[in-house]
Amino acid sequence: MTAISPRVASDLALASYKIKGTIPKGYELKLKSETQQHFSFNLSKHIYKGTSGGFFWRQESGFALIGQGKSQQHANDHVIAIRGTNSLADALTDVTCHSTNSDTGTSVHTGFQSSFASLRPGLYAYLNQWEIRRQQGIIHCVGHSLGGALAALTADWIKAEFNKTVYLYSFGAPRVGKKDFANNTSARVDKMFRCVHGADPVPKVPVWPFHHAPLNGNEYLLSRAQGIDFNAHSMPAGPGYINTADHNDWDGLYRQAATSISQRVVLNYQNRIHTTYSSHWADKIAAALMTIMIDGGATAIVASLQAAGTTIGTVYDVMARTLVGIVKIADKLKEQVKGLLGHMLVFAGRGANVTIEFTEKFIRWVFSITIGRLNKAARQALKQNS
């Protein structure tokens, strides 16, 4: 079974943005020749259940562009390209956001699950057709940004509901769920192609306890630019995922091990001035925080914070209280906490000269400004490039 190429996947992700309202009679999608070679679309059935040629289905909360394979290479395959919505931008970066159970019983972002629930009836009507149920091809789920998150939920659901072979392709997608979702969907979905730009802030939100899938797996780094730049999130502009993914096979793209929050990182306070406002340091700081929690004997607390329904704000309130307790255990742990807070202050743009206080109020403030700066960049990227 063959994956669609990076060029086709990115073309479909961009195509989902091209039809946002009423589709004019006779309108034709402007797709790359390679995409047209492999898949067909019948836009005349865009609000109704799919025909053999595919359809474009619209709901207030999002879009799903569905097509059927027509080449020998992709015979019996189907593609589902999903676009996210502006309304999810604020929900994604709100520290009061919480998780809920997905259709497969794992913890996912409430906003994503709500939007997916509005897509589900139309997707079910299409996939439940007898001729599609009996086909043995691949269901390719594609999305950029918030659409990538919805594509992930779609892929997970299709695998569980229909037991189809499912491949997932995402570009600049945020984290969808907590560790249980990342674990389960990594094992369930047959193949995942997660593509990011080095300076794109959106894949760094929501912050822990949300995780990327594949968990501890690989990602395709399509642009190695450093720092955090909201323009790096765009499909057509800046480096543009449509440009950086312009390859006919996945072997032609740079693949790397995704940064794991589980890796051991200890930050030295004296080195805080080397911190940069970048996605690299966002990951490193998160890993250092987890290292302290584990070294301080707070493993059970870490596990409890993965529970569905816990808001990000509540998570970091608990962590602030826990760190205050940890600094009382040993000088070594106190120095680790000081190093973490010093690096976070520089990352948040507050400089290296702020006096460190080991109080719950101060630590919660440091968490707030650090997460706030990252969320602000992600929000700006989402609203500019949606």
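Modeller: Let us start with Gln135, which sits in the loop between helix H5 (130-133) and strand S7 (138-144); helices (H or I, at least four residues) and strands (E, at least two) are DSSP runs, numbered from the N terminus. This is a predicted model, where local features need pLDDT of at least 70 and side-chain atom pairs pLDDT 80 or more, while totals for chains, interfaces and linings use all residues. Residues are numbered from 1 along each chain as its sequence is written, and side-chain values use heavy atoms, without hydrogens and water.

Biologist: Why does Gln135 count as buried?

Modeller: Its relative accessibility is 12%, so Gln135 counts as buried: the word means under 20% relative accessible area, with over 50% exposed and partly exposed in between (1.4 Å probe, protein chains only).

Biologist: What makes a polar contact between the side chains of Gln135 and His78?

Modeller: The two side chains are 2.8 Å apart in this contact, and the term requires a pair of N or O atoms within 3.5 Å, within protein one able to donate a hydrogen and the other to accept it, while residues adjacent in sequence count only if both atoms are side-chain atoms.

Biologist: Which residues does Gln135 touch, not counting those up to four places away in sequence?

Modeller: Gln135 touches Gln68, Asn76, His78 and Lys164, where contact means heavy atoms within 4.5 Å.

Biologist: And how many helices and strands does the chain have?

Modeller: There are 13 helices and 13 strands in the chain, and 60% of its 386 residues count as buried.
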